[in-house]
Amino acid sequence: MHDHEAVTRTAEAFHAVYGTAPTGIWAAPGRVNLIGEHTDYNDGFVMPLALPHTTVAAASARPDGVLRLHSGGADGGVVELLIDELRPAPAGTWAAYPAGIVWAMREAGLPVGGADLHYESTVPAGAGLSSSAALEVATALALNDLYGLGLDPQRLARLAQRAENAFVGVPCGIMDQTAAACCTDGHALFLDTRDLTRRQVPFDLAGERLQLLVVDTCVKHELGDGAYAQRRAGCERGARALGVRALRDVPYAHLSEALDKLADEPVVRDLVRHIVTENHRVEEVMSRLDAGDTRAIGPLLTAGHASLRDDFKISCAELDLAVDTAVAAGAVGARMTGGGFGGSAVVLVEEADAKAVTTAVTDAFAAAGFVPPRVFTAAPSAGARRLV
Ligand code: ADP
Ligand code: MG
């Protein structure tokens, strides 16, 4: 959806729902993580980029403390809430995400009132592309402008994370919301999840005649949730055993000594190996992109996949097939992205090979009897912004 098309569609839908024109229209993107997987809860490095796909919010302030929410992408009608009565509601409906933003802002003492909001989105939900952060950040930016809060993008991202953690009840890190709020066109975003320093890293695909494909496997295997908690606990155990605050503090140069210390805990040892090598890969990717050598990141992406598959053990048959097939068909590099056990893979390809690689992956899925994947191109796009 192009911006002007999104504006027209969302304004019309807002009018159809609420009977008036919205005061403004805001957009926030979905994201993919280029490299730096499961490093966020180890105080490590991540490098997401914003997708061209956005969640668009049309909104007007209300003086009466009523919050009305409606989404073209959700079943049911308008959800109506009183902002004074908002309470954290784990496992609620989709409306918990935007309601959580209002709650988090009020909890922080910010002078935010009621609003009418309508959403349209092109971010696939539940595909590991962070439709939840797009929804939160579009809401946060709309309220920021409607109520003149003057918050910067990083602050909006933190409020959105607070909303998702405490109000929706999802223990996510800060990457998704930061990507949705802070990414810029033509760049990947380097983020140090310890001190939240960030840097825009040039990621010029078109100029290099490259493309980044996202392969959405359209599957999500059940073990996901418990496995996340286990990996997280294993990483904390590793940090304790090594006497560091977080695994981010294990220098890559001292990796083999660290692994030796964990010889009788092979599961933890393998988790540690992934985190330490993954942080190193993020730094290596950044230095190659800074040098303008975009193609050179390919092998680092593919090595990252092997590490997630063999050491962190969170890949699955569909993700492995997508990555292996893409690389065999000539991709420059490929890796699973996101939490694992399904979701999406990213594939870096020469523009000229994009079609052949896409066909190879689609054919391999058909031959394996898997659900057909959804493949699309992810040009590094802008973060949250006001459209009108
Ligand atoms: P992901 O963030 O990877 O897409 P999540 O499970 O974190 O997956 O978030 C998906 C949920 O976010 C959906 O189930 C829905 O509740 C909510 N959501 C996201 N986008 C929208 C939207 N445009 N309209 C309504 N709800 C949405
Ligand atoms: Mg999410």
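**Salt bridges and a ligand site**

Across the whole structure, a search turns up 28 salt bridges, each being a side-chain nitrogen of Lys or Arg within 4 Å of a carboxyl oxygen of Asp or Glu. Keep in mind that this is a predicted model, where local features need pLDDT of at least 70, side-chain atom pairs count only at pLDDT 80 or more, and totals for chains, interfaces and linings use all residues. Residues are numbered from 1 along each chain as its sequence is written, chains are lettered from A and ligands numbered from 1 in the order in which they are written, and side-chain values use heavy atoms, leaving out hydrogens and water.

One of these bridges joins the side chains of Glu 120 and Arg 9, at 3.1 Å from N to O. Glu 120 belongs to strand β5 (residues 114–121) and Arg 9 to helix α1 (residues 3–18), so this pair ties together parts that are 111 residues apart in sequence. Helices (H or I, at least four residues) and strands (E, at least two) are DSSP runs, numbered from the N terminus.

Now for the ligand. Which oxygen contacts does ligand 1 make? One of its oxygen atoms is 2.7 Å from a side-chain N or O atom of Ser 131, and an oxygen atom of ligand 1 lies 2.8 Å from a polar backbone atom of Gly 126. A backbone N or O atom of Gly 128 is 3.3 Å from an oxygen atom of ligand 1; polar contacts here are pairs of N or O atoms within 3.5 Å.

How values were computed:
Polar contact = N/O pair within 3.5 Å; in protein donor to acceptor, adjacent residues only side chain to side chain.
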